Amino acid sequence: MKIIRGGFEVTSQQAAVVDHVLGHHCTVVSAGAGSGKTYTTVATVLELIDRGHASAEDFALITFTRKAASELRQRIRDGLRRRFDESRQDARGRLHAQMERLGGDYVGTIHGFCTARLRRYGY
């Protein structure tokens, strides 16, 4: 039986992560290279948006490298675009708004996140 979260087919372990995030808004995921962290994160973000639990600008997604952050942002953008292209006309306005809001989130490195906070709130 296929398990779907955020429009993606996921493993039972990945579904458990997505389901955990639905009830625990601050979640840390730590796993080795190639384990599916980015895939699971994208599925989680899209599931939260689909269910109306979050908007695209509500996320702070922190990675260790700029390359990983760029890939994560692009995959979320691609997932929203795919949903938009496959959606019925009545859902397109909401999805278009989510694509526009995507720039209001934070997807980047821990160093960039801390620097931005210090610039804004540091005295």
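Predicted model: local features only at pLDDT ≥ 70, side-chain atom pairs only at ≥ 80, totals over all residues.
The crossing in which α3 passes α4 is left-handed. On the α3 side the contact is made by Leu80, Arg81, Arg83, Phe84 and Asp85, and on the α4 side by Arg92, Leu95, His96, Gln98 and Met99; sorted by class, this contact of α3 with α4 comprises four nonpolar, two polar and four charged residues.

The largest nonpolar core has 25 residues, and those with the most contacts inside it are Phe59, Leu61, Ile76 and Leu80. Two or more residues are given to this core by each of β2 (8–10), α1, α2, α3 and α4, with α2 giving the most, namely six residues. In soluble globular proteins, nonpolar side chains tend to be buried together. For Leu61, when neighbours within four places in sequence are left aside, the residues in contact are Thr41, Val45, Leu72, Ile76, Tyr106, Val107 and Gly108. Leu80, listed among the residues with the most contacts inside the core, also takes part in the contact between α3 and α4.

Ser30, by contrast, is found in the loop between α1 (12–23) and α2 (37–50). Its relative accessible area is 72%, a value over the 50% cut-off, and Ser30 is therefore exposed. Between Ser30 and Phe8 the separation is 22 residues in sequence and 21 Å in space, C-alpha to C-alpha.

Definitions and conventions: Residues numbered from 1 in each chain as written. Heavy atoms only, no water. Helix = DSSP H or I, 4+ residues; strand = E, 2+ residues; numbered from the N terminus. Buried < 20%, exposed > 50% of the residue type's maximum accessible area, 1.4 Å probe, protein only. Left-handed = near helix turned anticlockwise from the far one by under 90°. Contact = heavy atoms within 4.5 Å. Nonpolar A, V, L, I, M, F, W, Y, C, P; charged D, E, K, R; others polar. Core = buried A, V, L, I, M, F, W, Y, C linked by side-chain atoms within 4.5 Å.
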